[in-house]
Amino acid sequence: MLRTLDIENIAVIEKASVDFLPGLNVLTGETGAGKSIVIDSINAILGERTSKELVRHGCDSAYVSACFEDIPESVSKKIAEIGYELDDNALLISRKISTNGKSVCKINGKSATVSMLKEIGSLLVNIHGQHDSQALLNPDYQYQYIDMMFSDNSIFQDYKASFRDLITVRRKLKALTMSESDKDKELELLDYQIKELEDAEIKIGEREELNKRRALISAAEAITNALNLSLQTINGDDENNGVQSSINTCFNTLLQFEQAKEISETFADINDKLEFAKDKIDALLLELNFNPVELEQIEERLDLLFRLSSKYGSDESEMLDFLERAKQKRNSIVYSDIELEKLNAQYDEYFDKTVRLADELSALRKKVASDFEKQVKAELEFLDMPKLQFKVDFQKGNLSSNGFDKIEFLISTNPGEPPKPLVKIASGGELSRIMLAIKNILSYNDTIGTLIFDEIDVGVSGRASQKIGLKLKAVSKNTQVICVTHSAQIASNANEHFLIEKDITGDKTYTKVAPLDFEARKRELARIMGGLEITETLLKSAEELLLAD
């Protein structure tokens, strides 16, 4: 459950800390006081999209953190799979929002992404607001409420796996299925590409070696002249002694003197190095002894490789990969009849399996839906809608990732009238109560520790509000409930009541969130019931509401 919420510089809230309790927590306050800001703050740490406009005016950043405690083992395992460990079965999620639009998210002090916050947040909190009511009206999503009632999801998981296999085979079949003329054209192109690449006899690293050889040949004349000059300097000619001759003279002259032995050895070493240099020069001169046609051949080969690379890949490796793929593709077309026969057999097998699982899934849904209808009717009867009929309608559609069931919720608000789609006849107040009934039913099968209802009392008043309050109280026995409300009847059922107040000091606006004691709750309920003037009669009525429990 959500234990503590800390808010700094979020809109008109400069700083607030809210300690929620197990059970039913309500937040009330005048319109515009900042109730929605608390919900926005919770949404922020749940990974929902935020805006830099959320940052309080004059501040560089805003900060919100939430501490969750008593996390169920099943949820803690999923959190561990995502990569985070609980600290004494508690989880601290924080998010810093900057005016530059960037967010810094952390989970138990470790850096996280917004998507991680969203994934973990979905395991911890469920927020019901106007958006959820609209989702309830959409028949494309109504099957999800039935599926949430499953005690065992294995049939649904088996169906989805089989459907994925079916789609994979269908895609392969589609790729292989082509007309004979298209097949001939494709084979003609592949044969040309394969022949062109095989005739080229491409070798990996060939272009690099050719470029090196071309550069060497281009510079061969200058290098040859330099090498010959070096040899002449070492060996000498008819007119001049070479360096090596002079070195030998020095060596032989100094060798007879013991005192100059070290120097003579130095000259001997120089002579050895000169011999080494001569060997290298001779070898390089032999290498530079090229055929004049070679440069032309190199240019032609490089030009061929360039043209091939423009069609088949940037380097030799990519071109050879292209060749291999072309061969495989050619084989798949040549032997497509065999492959088609194999894939058609697989498709029939997967189709039969998927249809069988879809039938099993549909049967399970219908069984669950029958119980779901009874539970919703019972909940709605308690919520002052005793004559409303609720039905889950099943129609058969095409196979999809969710089965072939087209599920739609139907209601009849007046006896004798046939049920019609929820989207066509449900009012705002009826929709809120239907949603609360469904949430209450699902809460027994759900591991989410906190349910948040944002103004569930819209379109509802009087006795119905009191019933909604009692139902929220009942839900809160299994799951922590946080409710933003304008209804005194709902607020009177709270285990903890928070007042959100706006205060203007100087030219700045501040919002405070504070828990109320019994007397303060009386005044707040009286304000909600009576408006600006709080009379003794209103205070008495408020006290009766609080003591009615």
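This is a predicted model: local features need pLDDT of at least 70, side-chain atom pairs count only at pLDDT 80 or more; totals for chains, interfaces and linings use all residues.
Local features here need pLDDT of at least 70 and side-chain atom pairs count only at pLDDT 80 or more, while totals for chains, interfaces and linings use all residues. Residues are numbered from 1 along each chain as its sequence is written, and side-chain values use heavy atoms, with hydrogens and water left out.

I start with the aromatic rings. A pair of aromatic rings is described by the distance of the centres and the angle of the planes. Rings of Phe, Tyr and Trp (its six-membered ring) pair if their centres lie within 6.5 Å; planes under 30 degrees apart count as stacked, over 60 as edge-to-face and the rest as tilted. By this rule there are 8 aromatic pairs. One of them is Tyr159 with Phe163, a stacked pair at 6.0 Å centre to centre, with 25 degrees between the planes. Both residues belong to helix H6 (residues 154-176) and sit 4 residues apart, about one turn of the helix. Helices (H or I, at least four residues) and strands (E, at least two) are DSSP runs, numbered from the N terminus. Tyr159 and Phe163 are both buried, where buried means under 20% relative accessible area, exposed over 50%, and partly exposed in between (1.4 Å probe, protein chains only).

How are the rings of Phe372 and Phe390 arranged? Their centres are 6.0 Å apart and their planes stand at 70 degrees, so this pair is edge-to-face. It links distant parts of the chain, with Phe372 in helix H14 (residues 336-382) and Phe390 in strand E9 (residues 389-400), 18 residues apart. Phe372 counts as buried because its relative accessibility is 0%, and Phe390 counts as buried at 2%. Ring pairs join Phe372 and Phe390 with Tyr145 and Phe409 in a cluster.

Next, charges over rings. The rule asks for NZ of Lys or CZ of Arg within 6 Å of the ring centre and within 35 degrees of the ring normal. Lys110 lies over the face of Tyr84, 5.1 Å from the ring centre. Lys467 lies over the face of Phe382, at 5.1 Å from the ring centre.

Now the salt bridges. Side chains of opposite charge can pair when their charged atoms come close. A salt bridge is a side-chain nitrogen of Lys or Arg within 4 Å of a carboxyl oxygen of Asp or Glu, and the count comes to 23. In helix H2 (residues 73-82), Glu73 and Lys77 are 4 residues apart; their closest N and O atoms are 3.7 Å apart, and both residues are exposed. In helix H14, Arg356 and Glu360 are also 4 residues apart, about one turn, and their salt bridge is 3.2 Å, N to O. Arg356 is partly exposed at 42% relative accessibility, and Glu360 is partly exposed at 36%.

Which parts of the chain does the bridge between Glu379 and Lys471 link? Glu379 is in helix H14 and Lys471 is in helix H17 (residues 462-475), 92 residues apart. Their side chains meet at 2.8 Å, N to O, and both residues are buried. Asp147, Arg365 and Asp405 are linked in a network of salt bridges.

Last, helix H19 (residues 518-530). Among its buried residues are Arg521, Leu525 and Ile528. The cover over the buried residues of H19 includes strand E3 (24-28) and helix H20 (536-547), where contact means heavy atoms within 4.5 Å.

Terms used
The expected span of a helix is 1.5 Å times one less than its number of residues.
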